[in-house]
Amino acid sequence: MFLHGLAAEYWKMIHGGDIPEGDQAEALVVWDVKTGTRLRSFQGAKEGSDMEWPAFRWSFDDKYFARLGDDCIFVYESCSMKLIKDKHDKRCSVKVDGVRQFLWSPSDPVVSLWVPEHLNQPAKVVLMELPSRQELRQKNLFSVADLRMTWHEQGHFFCVKVDKHSKSKKTLN
């Protein structure tokens with residue numbers, strides 16, 4: 001069993017530990033610390049894969065929490081435990097084809113995310129404001145082997161470290 005204190009200690013998330021692979025439907029549970037109320041349960045690891053821990057990342061002000069999905073980021077409102085709304089007032093995930101990683105800004109409702117190269121499309125790093133889903137900045141990158149992102153602790157700066165393939169794609173630069 002894993003226990004993770006979240007968001008200024010208002011909520012706790014518990015992972016059931018050694019749950020059989022076929023029974024991951026409610027493997028993650030968010031609890032209200034003050035009342036002991038079970039607020040919401042979430043799907044655990046997909047069959048044949050390991051779950052990243054912590055499974056969710058919380059925004060700087062605890063209003064939102066998010067989890068990486070297949071070609072999307074699931075962003076939830078903390079108060080309702082429901083997905084955020086899109087511009088059509090429909091609750092849905094933030095669709096980003098190929099997204100590999102995301103991080104919350106430590107000072108603003110902004111996520112940084114990166115998408116690796118695919119076919120003839122370059123890799124890209126995106127800064128996106130949530131819940132509006134407005135793309136603030138995007139940078140295309142070529143010959144990317146690996147990429148790591150980090151925010152300055154006050155959120156004033158954002159750093160991206162890129163490992164690149166050589167032109168022959170046999171070595172790293």
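The structure is a predicted model, in which local features need pLDDT of at least 70, side-chain atom pairs count only at pLDDT 80 or more, and totals for chains, interfaces and linings use all residues. Residues are numbered from 1 along each chain as its sequence is written, and side-chain values use heavy atoms, with hydrogens and water left out.

The secondary structure of the chain consists of zero helices and 14 strands. Both kinds of element are DSSP runs numbered from the N terminus, with helices being H or I of at least four residues and strands being E of at least two. Read from the N terminus, the order is β-β-β-β-β-β-β-β-β-β-β-β-β-β. Of the 173 residues in the chain, 39% are buried. Here, buried means under 20% relative accessible area, exposed means over 50%, and partly exposed lies in between, using a 1.4 Å probe and protein chains only.

Strand E7 is mostly covered, with five of its six residues buried.

Although Asp71 is not a glycine, its phi is positive, at about 60°. The C-alpha atom of Asp70 is separated by 8.1 Å from that of Asp97, which is 27 residues apart from Asp70 along the chain.

Attention now turns to the aromatic rings. A pair of aromatic rings is described by the distance of the centres and the angle of the planes. Rings of Phe, Tyr and Trp (its six-membered ring) pair if their centres lie within 6.5 Å; planes under 30 degrees apart count as stacked, over 60 as edge-to-face and the rest as tilted. By this rule there are nine aromatic pairs. One of them is the edge-to-face pair of Phe42 and Tyr76, with 5.0 Å centre to centre and 70° between the planes. Phe42 lies in strand E4 (residues 38-42) and Tyr76 in strand E7 (residues 72-77), so this pair ties together parts that are 34 residues apart in sequence. Both Phe42 and Tyr76 are buried. Tyr76 also forms an edge-to-face pair with Phe56, at 6.1 Å centre to centre and 75° between the planes. This second pair links distant parts of the chain, with Phe56 in the loop between E4 and E5 and Tyr76 in strand E7, 20 residues apart. The relative accessible area is 2% for Phe56 and 8% for Tyr76. Phe42, Phe56, Trp58, Phe65 and Tyr76 form one aromatic cluster.

The second largest pocket has a volume of about 210 Å³. A pocket is found on a 1 Å grid over the protein atoms alone, as an open set of points where a 1.4 Å probe fits, with protein on both sides within 12 Å along at least five of seven lines; lining residues have an atom within 4 Å of a point. Grid points are joined across faces, edges and corners, and the volume is the space filled by probe spheres set on the points. Among the residues lining this pocket are Asp71, Asp97, His118 and Asn140.

Finally, two backbone details lie elsewhere. The peptide bond from Leu130 to Pro131 is cis, with omega near 15°, and Pro131 is found in the loop between strand E11 (123-129) and strand E12 (134-141). Met81, in the loop between E7 and E8, has a positive phi near 65° while being a residue other than glycine; Met81 counts as buried, at 4% relative accessibility.
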